[in-house]
Amino acid sequence: MDFTKFMNKFNEIERQLSPTSALRLSFDNISPETEEPENKRLWGVPVPPFVSEKVVSWIEEEFTDPPIFYNDTLVLKKVENVRMIDRYNTKNPIVGTLYLTATHLIFVEPDSNKETWILHMHIANIEKLPLTTTGSPLLIRCKTFLSVTFVVPKDSECHDVYTSLLKLYQPVSINKLYCFNYQPAKDDFPKNSGWEYFKLESEFKRMRVPNDTWTLCSLNTNYELCDTYPRQIYVPQGANTAMLIGSSRFRSKGRLPALTYLHSNKASICRCSQPLSGFSARCLEDEQMFEAIRKTNPNTDHMYVVDTRPRINALANRAAGKGYENEAFYENIKFHFLGIENIHTQRTSLQKLIEACEQKTPTMSGFLNALESSGWLKHIRSILDTSSFISNVVDKGVSVVVHCSDGWDRTAQVCSLASLMLDPYYRTIKGFQALIEKDWLAFGHKFSDRCGHIQNDPREVSPIFTQFLDCTWQLMSQRSDAFEFNERFLLILHDHVHSCQFGTFVGNCEKDRLDLQLAKRTFSLWGHMANHLNEYINPLYKPDVDETIKPNLAPQCIKFWRGMYSRFESGVHPREPLGDLLLATKDHTTSLEDHVQHLTKRITSFKNYISKSAKKIQDATSSKSITKESSATDTNDNKYNYDKKMSELSSADDDHPLKLSEGGSSVSGANNVSGSSGSGNGSGGMSFASLSLSDEVDPSTLNDEINSVAVDWKSMRNVTACSCSTPFDQFSKKTHCWKCGEIFCERCIDKSIPLPGQDSGKPVPVCRTCFRLVQKISP
């Protein structure tokens, strides 16, 4: 069976259309519609009348087997008795079934029901190893640092899977990426959700820009000044059109100096690319531009220019007509080289790091030596060191201009990290997303090239954004109370930058994304994450921490990020991450406090009612005694007294004990109040038992309210699998149902609803069974 041909014909649109529509459109590409009898059948399924006999015959000849589905996903290839080898357990490999679909490679273990899903876009490389006595091994390495080996019994089947994956995991055209066909399993959020969350002008308004020193430049509205910059760029008020155009022409790729961050003390961070200076060239407009930037800060008479490259790299670029600023031409600047290596060095370093993590028989000395030789932690420290230098300078009130070679890799890293250290807003979930939108997406980091989204020059691939997330994690490790988000938040970002499931990170610049119409054609990652914010909360976060982060960059303080690079290794992680345990404890405490507040209000309501009712009974009894005494001494008009009492009763409060009930009869009878003859025995019917509670205090619902909130939550340590038989591992999140207290996987606890026993009325996570129960209880 030619599965590649099948994929080309049918699966390009399978994710966005119904099966019937997808089949019909595919058939229309092969032959025109014709009138045919309605009794035609294909694999026992009735064929629509518009499908010609010729097409049915072609399908039966080319694809002799009926289509296979797994979890409602069309399977291109199914291979049984496949062994998945765990390098920690080579003697007892896991045997299961391998399913190849248009978007995923799925391995299912029949005994434990565990599923391993590998998104095609996550695959970094595939290697078909030499044939062995047990079968044909297929080694798959992923951009998420998953490394897995499948041993397929037959070499021909292994070759089919191998060749199919080669064509599926890296499309030739950007329009063939997963995001253009992706549809959520259920309508969690509309397609436009998330695309409007962040606006560049809104972020600069938060920094009080434009102002009397910084203004919006209109020369790049149609990307004429620099096509890799955003439309809205902010420049000094003193910069005229000639200066802006001249500076753009003197900078690599036209990336002139532009504002990226303005601190509260008026010190700024501007970014650009290297000048086209060569050995002696100069540009008067570029020099004037730097002077205009310096004058925006009245606190000092100088500013820093930071070249993030090693000095030798910058000197080498001079021979190509580029280079760095000459301090003899640029007045009032202090120039610094900070020594971050280029993209090629970083790519090689990551490859060595992966090799260190994939050692077959890892020893302490072997792992540490391999980690040291990779140089990865040295590069992470170098990026943090440069960012810390910029942050400290700005915090002291001095402005900085930053560049590397083209200004979209190392410059993006250090500008965003320096802003992260300076501004506590960027350490919130929303702020961190805004930081990525500004310094990475708007200012043109080449995500599609650096992440290898499509077939392109492999030398353009480099882990620049991965290093940024690693540096952020290093800061979080040192200051866990300063960040609203947790480690899972960073891992989700890393995975979806490479997955192309959402259109947020597709393309190399803002102009690319507009040309591709991503906001109309794809879903946004921010819209997806907005529905799962509770998973990313750091329970140790202190919102009132409003200070600059000054990281400790001593060598022993830079750590290997096990949660990222060894995420899929069994036996090297704790059973439950500490953050998850703290978050579960915080959620449980919140639930109980909310429940206690509700019960406290209920108790207060009952106390007030009992107190008020007791007073009214006492008043009624006293009134009756006075009436009897008055009757014995005076002759009264009974009709007059009756009318008077009824008038008083009608104007009384609704919860008056003698007020007519909804059924129309009084609680104790009107004659007992009228003072008429024979009323001497009327007081015998007056008691608390005869009083009815108001609608506000209905005891019939009290039991439902108490039972709607789980007081005890099941311990996370005792749960190894969800009720749906999905096993929990080191990177799957366990979630409690707030009603029953049981633990479920994320797929089984996808509902939220307000609980009757909680005072806040906020929707909280519940399992599907409890969701149905609460819906019956809730009005």
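Residues are numbered from 1 along each chain as its sequence is written, and side-chain values use heavy atoms, without hydrogens or water. Because the model is predicted, local features need pLDDT of at least 70 and side-chain atom pairs pLDDT 80 or more, whereas totals for chains, interfaces and linings use all residues.

An unreviewed UniProt entry places the feature "binding site" at N342, I343, C404, S405, D406, G407, W408, D409 and R410. Although these residues spread over 69 residues of sequence, they cluster in space, with a largest C-alpha distance of 12.3 Å. Such annotations, given in the numbering used here with shortened feature names, may be inferred rather than shown by experiment.

C404 is found in the loop between β17 (400-403) and α12 (410-422), where helices (H or I, at least four residues) and strands (E, at least two) are DSSP runs numbered from the N terminus. W408 lies in the loop between β17 and α12. Beyond neighbours within four places in sequence, C404 is in contact (heavy atoms within 4.5 Å) with residues including C272, Q274 and D307, while the contacts of W408 include T228, K253 and H445.

A charge sits over a ring if NZ of Lys or CZ of Arg is within 6 Å of the ring centre and within 35 degrees of the ring normal; two examples follow.

| Charged residue | Ring | Distance from ring centre |
|---|---|---|
| R282 | F329 | 4.2 Å |
| K751 | F771 | 5.5 Å |
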